[in-house]
Amino acid sequence: MHALIRQCRSDPPPELTAVARTEGISPERMAEAVQRGRIVIPANPRRNARLIPIGEGCRVKVNVNIGTSQGRCDPDLEMVKAAAAIDAGADALMDLSTAGDLREMRRKILSLDIPVGTVPIYEAVRRAGSAADLTADILFSVIREQARQGVDFMTLHSGVNLDAFEALRLDPRTLGVVSRGGAFHVAWMAATGEENPLAKEFDYLLEILAEEDVTLSLGDGMRPGALVDASRLAKTTEYLTLGRQARIALQAGVQRMIEGPGHIPIHEVAWNVKVIKEVTDHAPLYLLGPLVTDIATGYDHVVGAIGGAIAASAGADFLCMVSPAEHLALPDEREIIEGTRVARIAAHVGDISRRGGVSGCPEEERMAIARRDLDWEGQYAEMLFPDHARAIHDRDTERETCSMCGDLCAVKMVREIFDGDQKK
């Protein structure tokens, strides 16, 4: 899939045909969307992982974040979590490791058959010792090294520039900056008074990404971290910068997607998605949540799924899993599974809208028929998580109906009435 945009402008690669068919769209339509920057397929040529298209006309995809931290550095556990995420339906993984042997942790995750992303500034700051001591040379060296190791997509906060920093000063926020990568860049600009190297040398960044064939994920370093900050100036300033950078990247032949928008009240979710889509010329949109309340800690996977379903219905293409441990701790295996499953539900809810309603989702019609017929095997065949559902149904012994209604089952009662009418 080397230099995919350039290939699609001349002779689309044969792999594109198979990928398009899995999404239910024509290869010609997918090739055109790739050329226009409305679909990305993160695929580092140094790896042979599965191809996952993200964007216009495609099924909404789910990413899961894993990785070590100073509070809990257990690479073996992170690999268990990675396997659990894939088993639960993750389409991609991001390695957010900040502790231990970072290169070895990446090597293990890159051995899996799935697209893998990173946030290079995490490792760059570790090498430098602090954000204030970071240099452009260290940052770009890390980007190139990770690309050559096989990373498929990278979150790079080139929109956290001096303009965004000034917007943060002019219109202060309660929570300031909650993006770790964004905070690193803000700290560096505050210490040096200089422009973010990723913004100042954006053309050089694109040269590296084009040469190594890595997809750029334009990071939302100024995303609001609380609902009270959702309408502050810094977020919108970053949107406009990312819009300009998205167009420049496409012209340079670099696949790119956009990240956003953080903690947003529910009535503002669709509006923010549409604004980002408009200013970036409908580039694929990758988001965490959005989280639509700040006071359901411990259930933020549910909060994120509510926002994610609305966002996907409005045009978001790639949902990042939010775990029940969000804002509390590094998630364990159980929380990774739960968060991934809830994100998949949100993605499917968004797909119903993107496919034009229930008529575009034959699995929904098949499920309705199986329920009418009390056909449990037929129902399990359509469910997102059949093993989980089967265990719940069978815990009160296997039966024709569920144990909620038993012999007073409304579905069975009305079906028998209509069956009797047909016989008459």
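Student: Why does Ala-312 count as buried?

Tutor: The relative accessibility of Ala-312 is 0%. Buried means under 20% relative accessible area, exposed means over 50%, and partly exposed lies in between, with a 1.4 Å probe and protein chains only. Ala-312 therefore counts as buried. The model is a predicted one, in which local features need pLDDT of at least 70, side-chain atom pairs count only at pLDDT 80 or more, and totals for chains, interfaces and linings use all residues. Residues are numbered from 1 along each chain as its sequence is written, and side-chain values use heavy atoms, with hydrogens and water left out.

Student: Where does Ala-312 lie, and what does Ala-312 touch?

Tutor: Ala-312 is part of helix α14; helices (H or I, at least four residues) and strands (E, at least two) are DSSP runs, numbered from the N terminus. Contact means heavy atoms within 4.5 Å. Leaving aside residues up to four places away in sequence, Ala-312 touches Val-60, Gly-350 and Arg-354. The C-alpha atoms of Ala-312 and Arg-36 are separated by 20 Å, the two residues being 276 apart along the chain.

Student: What makes α14 and α15 roughly parallel to each other?

Tutor: Helix α14 (residues 300-314) packs on helix α15 (residues 333-354) at an angle of about 20°, and their axes are 8 Å apart. Axes are lines fitted to C-alpha atoms, for helices over the stretch in contact, and angles run from 0 to 180 degrees between N-to-C directions. Angles under 35 degrees count as roughly parallel, over 145 as roughly antiparallel, 65 to 115 as roughly perpendicular, and the rest as oblique. α14 and α15 are therefore roughly parallel. Their crossing is right-handed; a crossing is right-handed if the near helix is turned clockwise from the far one by less than a right angle, and left-handed if anticlockwise. Contributing to the contact are, among others, Val-302, Ala-305 and Ala-312 of α14, and Val-342, Ala-346 and Arg-354 of α15.

Student: How do you classify the residues of the contact of α14 with α15?

Tutor: Ala, Val, Leu, Ile, Met, Phe, Trp, Tyr, Cys and Pro count as nonpolar, Asp, Glu, Lys and Arg as charged, and the others, Gly among them, as polar. By class, this contact has 7 nonpolar, 6 polar and 2 charged residues.

Student: Why are α7 and α11 called roughly parallel to each other?

Tutor: α7 and helix α11 (residues 202-212) pack at an angle of about 15°, with their axes 10 Å apart. The pair is therefore roughly parallel, and the crossing of α7 and α11 is right-handed. The contact includes Phe-140, Ile-143 and Arg-144 of α7, with Leu-205, Ile-208 and Leu-209 of α11. In this contact of α7 with α11, 7 residues are nonpolar, no residue is polar and 4 are charged.

Student: Which residues have the most contacts inside the largest nonpolar core?

Tutor: They are Ile-143, Leu-209 and Leu-216, in a core of 91 residues. A nonpolar core is a set of buried Ala, Val, Leu, Ile, Met, Phe, Trp, Tyr and Cys residues joined through side-chain atoms within 4.5 Å. Leu-209 touches Ile-143, Met-154, Leu-156, Val-214, Leu-216 and Val-254, not counting residues up to four places away in sequence. Another core, of 15 residues, lies apart from the largest one and has Leu-4, Ile-5, Ile-25 and Ile-39 among its members.

Student: How do you know that helix α6 (residues 120-128) is largely enclosed by the rest of the structure?

Tutor: Of the 9 residues of α6, 7 are buried, so the helix is largely enclosed. The buried residues are Pro-120, Ile-121, Tyr-122, Glu-123, Ala-124, Val-125 and Ala-128. They pack against α5 (102-110), β5 (116-118), α7 (136-149), β6 (153-156) and α9 (180-192).

Student: Why does Asp-281 count as partly exposed, and why does His-282?

Tutor: The relative accessibility of Asp-281 is 30%, so Asp-281 counts as partly exposed. His-282, at 35%, is therefore also partly exposed. Most residues other than glycine have a negative phi, and most peptide bonds are trans. Asp-281, however, has a positive phi of about 55°, and His-282 has a positive phi of about 60°.
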